[in-house]
Amino acid sequence: MGLLDTVKDQASAIAKSAVKNPLETTFRRAKDEVRGMWNPNHRHDEPHEIEADQRRAAICDSHRFKSFAPVREANTVKWYIDGADYFYAVSELIDSATECIFILDWWLSPEIYLRRPPCDNEEWRLDRLLKRKAEQGVKVYVIVYKEVTQTSANSSRHTKNALQELHPNVQVQRHPDHIGAVDTVKIWSHHEKLLVVDCDRACVGGLDLCFGRWDTHSHPLADCHPTDFSRTVFPGQDYNNGRVMDFQQVDNYVSNQVSILETGRMPWHDVHLSFVGEAVADCVQHFVERWNEVKKRKNKDEEKYDWLEFPGDPTNNPPEDPRAHLKHFAGGTQKFRARWEDFKQEHHLPSRHRPRQEREDYMSGPNPYANIRGTSNVQVLRSVSDWSHGVLIEHSIQNAYVQMIREANHFIYIENQFFISNTGDKGPVENRIAQALVERILSAARIGQKFKVIVVLPEVPGFAGDIKQQDGLKTIMAAQWRTINRGGSSIYEKIRDAGYEPLDYIRFYHLRGYDRLNAPASFIGQIEQNSGTSFYNAQIAMARLFIGDDGFWHQDDVKIKKPSAFSGLDDENLGMTEKQSTEEVQVAQFPPTTQAARQIVQQYQSGAPRSDAMVADTIAQHRLQDRTSIFDERWMGSEQEERDCYISELIYIHSKLMIVDDRRVIMGSANINDRSQKGDGDSEIAVVVEDEDMIETTMDGKPTCIGGEQVTPAMRAPPYPHQDETYLQEDRIVADPLSEELLNLWYSTARVNREIFSQVFKSVPTDNVRNWDQYKRYVPKVKAGHVASDLPLSQIKERLSKVRGGLVEAPLNFLIEQKELVDWSGPMPSLQIFI
């Protein structure tokens, strides 16, 4: 029976049951929800539950930051900057698994390609890789956030169905339920991004294994290949721009509702790490606790979902071991072991495939990672509570942020998706990260100490819609302004009230990029005329090829957006930040076979009057240290067409990272807002890393030592080391974050880049707009992200050639005259959702 038939049968059975007993079903769900509301403390009021809570609290109190986990020594840590490197490492890690794989994600897309381009790496699509490992006897356990479908397009139901269809060794649980359950959860989410392989290698950071996250360091905006569709890097849903349009029906994974001919994708900047060592045990603990808690609540009597226990026998752990309280799960795990033994015998698997859960000590024996000793101290932290984890509130991530800021000596660097905090006890925001920053800055100012804080955030929250019309956007931006420089109690206002200039100590920045779409209308028109088929039909056929013939989850039709008829700067109905219409998204039927689809693509490509191999499909690399320049780029169309194909977009910062004094790092899934930090909101995981292998350098020109763990990006998973690039001139400049050379370079680069993007693209937000009247006059009437200047092409290229990197100043005076935006004195019933 196929997956579609299974789903139909299940849906039919549910529908018949509801028809037979609609009142009974409704009454049962209402009763469950009332039970939970009547006694929300029902997991913590019995004597044995109170005793367990006290034991856990004592363990947390004995650890730094009041974390469930202690500091673990001698770990090997590896950093990944941006999705391309991390996803490649994930492909290696999963491929190397011999026993078990744990995945905990906010969103997981089974059809994501871990290596690119997809046409050269079909076997490295996540679902295909997991299927291979499951067939080899590896047990795969996945927990995904069960989204509120009215507000999120994650389609966790598709994730669960698509993965569990792969093989019986793949088990997926979704959580939480949002209505009709004892543990109904309205607005919070499971937000961790955690991968553990064979209980000895772990990955923690900001990257979900889902659409929109894979990206390179150059952050291309374009992915149009008129004469060779096999060069596509971002297939289907993976070509997305969250500022233009939210994801739509992601289970239809090869559909694309953003036109690759006219709209740039939104680049994604993120950071992740992997590590080997004793700290992996704490990641295992976190996952096993979560898995068993979800099973206990939702699938207690479902035999197809295993109970998990920790590697080794938890009954033999010393009393102070935080895993000791889980010994009551051991009986359930015996069932798991029995079923595993049956499976081994049935499929004639050798003993080496047994789960590492059965080993007496998972860091010994044949484990190839057992003897690896690194130089990094790692502590695992989390934000959890009763709804998410069945425990009392733990907010060790916030504790770590606050304490590390207070203990900083020279310099703090922060990258985060949000920046919502409080400098005191006034207002609805509870976390005190901003207060810690103000206190540390003022302590430095009062003694004349040079102290710098740099914060890098997205220009705009990554939600579709016009800033003026979209309440969610305005609420989040206002919350950040209230934290940074407005509302009476912000960081800047507190520092100024103390008699100091905040810009001397703390500054805010964004990232932005540019690119050129390889989509000259005349050239594409020639191809269509010569071939007798359209670019649109070729896209549909290519989508069919991405689905393949391997019997995986498939979709019956495809939705692809046709480009709108538009040229020049005269369309009054377009705005740079406006939500894109879905009117031109058309539903089409696939070619019947991959062979037919391949013939259509080849037919279209054969119509090219000449090769365009010399034309780059992206020119985003010119912002970096490229050996060529923007003036070297060739073009196959007219000058006006090339001008129309230059685009710009914010580079979306999704990292959750803080570096202190180049000695300590905290990084994981937690944003700087109440949702992530207070513990009883979103569930999160993070790590603090401190390297014992120090290297000599300077801080403000004075000799010092910093952590020696190289953070240069490299694809391979640990224990393969990073390349040592500390000898490079660029590394020398950034080695001392307080040097005037670096600060002047940083400030000037951000200022010049901002001026260029404002001049060529009239990017929003901007300090040129201080109220809504100016906003209405300023927002350009062009396609999203396109050139909004009357400059000729030669001058546009000349301006863009001066862009260095992607750093731009944060326009903190944007809409500053609209005082009502930061006036939160009235009722705001939905505020919790956004802060």
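Predicted model: local features only at pLDDT ≥ 70, side-chain atom pairs only at ≥ 80, totals over all residues.

Trainee: What is the secondary structure of the chain?

Mentor: It comes to 23 helices and 23 strands.

Trainee: Which residues of helix 10 are buried?

Mentor: They are S396, I397, Q398, A400, Y401, V402, M404 and I405. Across the chain of 835 residues, buried residues make up 60%.

Trainee: Why is the largest nonpolar core called a core?

Mentor: Its members must be buried residues of kinds such as Leu, Ile, Tyr and Phe, joined through side-chain atoms within 4.5 Å. The largest set has 110 residues. Y86, I101, L195, I467, Y775 and F814 touch the most other members. Helix 15, residues 535-547, gives the largest share, 10 residues.

Trainee: What includes V288, I651, L743 and L807?

Mentor: A second, separate core of 50 residues. Nonpolar side chains tend to be buried together in soluble globular proteins.

Trainee: Which residues is L195 in contact with, beyond its neighbours within four places in sequence?

Mentor: Contact needs heavy atoms within 4.5 Å. Y86, V90, L93, I101, F102, I103, R201, A202 and C203 are in contact with L195.

Trainee: How many contacts join residues at least 24 apart?

Mentor: Among contacts between residues at least 6 apart in sequence, 79% do.

Technical notes:
Residues numbered from 1 in each chain as written. Heavy atoms only, no water. Buried < 20%, exposed > 50% of the residue type's maximum accessible area, 1.4 Å probe, protein only. Helix = DSSP H or I, 4+ residues; strand = E, 2+ residues; numbered from the N terminus.
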